[in-house]
Amino acid sequence: MAKAQFLRLLGSQQAVWVTVQAHRGSVPREAGAWMAVFADTSVGSIGGGHLEWQAINQARRLLSQPSGPSTRRYALGPSLGQCCGGEVTLQFEPVSASDLPRLRQHFAAQQALWPPVTLFGGGHVAAALVQVLGHLPFLVHWFDSRDGIFPDTLPANVHAEHSEPVQRAVAGLAPDSRVLIMSFSHAEDLDVVAACLLRQRSRGDLPFIGLIGSRSKWATFSHRLVERGFSASELAQVTCPIGVPGIAGKAPEVIAVAVAAQLLQLNTPTLSDQSEVTKDA
């Protein structure tokens, strides 16, 4: 969402784009983190605190005295009132509407480091999860078999699509998709799981198949999937329940946070990957 706001504002205002180019030791944000500083607002974050405050001041000075890109090193010690103890190198780059194509290309390359997420089901948990994922770089493809189920407004990284029957969409999923199954119907859930396992049997390119529900639900599903001819090793490719363990509560928002955290554990790009995108941009 910050990215979309940045690009929208840049269409009519100049800004200084501040990025973390390098770091050493303990620091608030990784290489590739960014913020955009406009005359009267800022979008994004390089970690907050005194470092960000100083960076905003430096960016505003550059806004009043435009120049080319420059870098500046900050030691996160007593002088900044931050006890991280590390060191951060920031790049300050004045940008305007003419830079929009290049910036869009940069963000697309950065997002390509994250695997796609496919979500089956448009219920309350799925709606809450979509809002959480809207703040993360995942590209989300959202399916449901019912008409009129999706909200009118979606995060920029979410594409919603009707599919009837819903499991038909499995064949066209992008390779390396992380699949989350939480439809309104246990029968639909079972059909989607079966379609995913058939794809795994032939292509083996869905590294995470997650099913919402309890252990008792999975016990029932396992029995029915065995009846459909799936082996124990194939069933072991399904994760049920989903979400990181130790988070209590069944409210949709709580489950959404737990599931998003699980995706982050599985899928967060390495810092070196993010640094390569920054260097290449």
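Helix H3, residues 100-111, lies across strands S1, S2 and S5. Its direction makes an angle of about 35 degrees with S1. The model is a predicted one.

- Five strands make up an open sheet, in the order S3-S2-S1-S5-S4.
- Their pairing is antiparallel.
- Strand S3 (42-44) and strand S4 (70-75) form the edges, and each pairs on one side only.
- From one strand to the next, the twist averages 25 degrees.
- In general, strands of a sheet pair through backbone hydrogen bonds, either parallel or antiparallel.

- Strand S1 spans residues 15-24, and strand S2 spans residues 34-37.
- Four bridges link S1 and S2 in the antiparallel sense.
- Val18 has Met35, in S2, as its bridge partner.

**Helices across the sheet**
- Helix H1 covers residues 2-10 and lies across S1, S2, S3 and strand S5 (87-95).
- H1 runs at about 145 degrees to S3.
- Helix H3 also lies across S1, S2 and S5.

**The second largest pocket**
- The volume of the second largest pocket is about 460 Å³.
- Its lining consists of 16 residues.
- Nearest the centre of this pocket lie Gly213, Pro241, Ile242, Lys250 and Ile255.
- Helix H8 (residues 252-267) supplies the largest share of the lining, three residues.
- Sorted by class, the lining has nine nonpolar, five polar and two charged residues.

Notes:
Residues numbered from 1 in each chain as written. Predicted model: local features only at pLDDT ≥ 70, side-chain atom pairs only at ≥ 80, totals over all residues. Heavy atoms only, no water. Pairing = 2+ DSSP bridges. Helix = DSSP H or I, 4+ residues; strand = E, 2+ residues; numbered from the N terminus. Axes fitted to C-alpha atoms, helices over the stretch in contact; angles between N-to-C directions. Contact = heavy atoms within 4.5 Å. 1 Å grid on protein atoms, 1.4 Å probe; cavity = no way out; pocket = protein on both sides within 12 Å on 5 of 7 lines; lining within 4 Å. Points joined across faces, edges and corners; volume = space filled by probe spheres on them. Nonpolar A, V, L, I, M, F, W, Y, C, P; charged D, E, K, R; others polar.
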